[in-house]
Amino acid sequence: MEETTSRSAAVRDGLGVGLAVGLSGIAFGAAAVTAGLSVPQACVLSLLAFTGASQFALAGAVGAGGDLLAATLGALLLGGRNTLYGLRMADLLRVRGPRRLLAAHGVIDETTAVTMAQPTPRAARTGFVTTFASLYVAWNLTTLAGAYGTSFLGDPGVLGLDVVGPVAFLAILWPRLAGSAELRRLAAGAAVIALCATPFLPPGVPVLLSAVAVVVVMVR
């Protein structure tokens, strides 16, 4: 009975997080089209990348006129944290065979948070699957809606939609920054590095250079 209750709670948690966060796909779709991506490109990015912060970072770099290689490297740098999540959850999820590729695609901030919050391994696996499925569907549908709707505007920048990406990116980061003084110092250091490098380097490259702040913290 207790196990059933735990799994039911995991389903509720997963659906709540998946649907709530999935609505942010509208902002990404709008930001991607405003940055110069086509509707199909925005949708494929959500289907294959499926990690919000990295997608917003890539769209922002492209929108600023940055080199595609630098933008992609910046997105990969941000997405690298999901590898660490995967190492932590591998024993808990116990996925075997080809399904590991699908499970790896779903290891992101939100699925990790819901999974790790569950009291039992079965509830954790239920939370992961529910969060992944609901968030993936919602994120991709709202990406399509945001991109398709924005594509009808003659010049999306006239409505100020160019700020959607940075604002949504900050909204994703804010809960983590609010809960950790060390992360706030790290973010401030990275921001200073990026701002100082911006006048001298192509768009997208300052973001990569700001990772030096992380190296300093790790060495310390």
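## Overall fold

Helices (H or I, at least four residues) and strands (E, at least two) are DSSP runs, numbered from the N terminus. By this rule the protein follows the pattern α-α-α-α-α-α-α-α-α-α-α-α-α along its sequence, with 13 helices and zero strands. The structure is a predicted model, in which local features need pLDDT of at least 70 and side-chain atom pairs count only at pLDDT 80 or more, while totals for chains, interfaces and linings use all residues. Residues are numbered from 1 along each chain as its sequence is written, and side-chain values use heavy atoms, with hydrogens and water left out.

Contact means heavy atoms within 4.5 Å. Among contacts between residues at least 6 apart in sequence, 74% join residues at least 24 apart.

## Burial and surface

A residue is called buried under 20% relative accessible area, exposed over 50%, and partly exposed in between (1.4 Å probe, protein chains only). Of the 220 residues, 37% count as buried. Accessible areas come from the Shrake-Rupley method with a 1.4 Å probe, and for residues only the protein chains shown count as cover. The protein exposes about 12,200 Å², and carbon and sulfur atoms supply 72% of that area.

V137, in helix α9, is partly exposed because its relative accessible area is 47%. F200 sits in the loop between α11 (181–197) and α12 (205–209), and its relative accessible area of 69% is why F200 is classed as exposed. Together with L201, L209 and V212, F200 forms a nonpolar patch on the surface with about 380 Å² of accessible area.

## The nonpolar core

A nonpolar core is a set of buried Ala, Val, Leu, Ile, Met, Phe, Trp, Tyr and Cys residues joined through side-chain atoms within 4.5 Å. The largest one has 27 residues, of which F28, F50, F128 and W139 touch the most other members. Two or more residues of this core come from each of α2 (25–35), α3 (39–48), α4 (52–63), α5 (68–79), α6 (81–93) and α9. Beyond its neighbours within four places in sequence, F50 is in contact with residues including H105, F132, Y136 and W139.

Helix α4 also holds S54, which counts as buried because its relative accessibility is 4%. Leaving aside neighbours within four places in sequence, S54 is in contact with A75, L78, G79 and R81.

The buried residues are D109, E110, T111, T112, V114 and T115.

Q118 lies in the loop between α8 (109–116) and α9 (121–150) and is buried because its relative accessibility is 11%. The side chain of Q118 reaches the backbone oxygen of V114 at 2.8 Å. Another partner is D13, whose side chain makes a polar contact with that of Q118 at 3.4 Å. A polar contact is a pair of N or O atoms within 3.5 Å; within protein, one must be able to donate a hydrogen and the other to accept it, and residues adjacent in sequence count only if both atoms are side-chain atoms. With neighbours within four places in sequence left aside, Q118 is in contact with S6, A10, D13, A123 and A124.

Note on methods
Patches are made of residues with over 30% relative accessible area and no salt bridge: like charges are joined within 9 Å, nonpolar side chains (Val, Leu, Ile, Met, Phe, Trp, Tyr) within 5 Å. A salt bridge is a side-chain nitrogen of Lys or Arg within 4 Å of a carboxyl oxygen of Asp or Glu.
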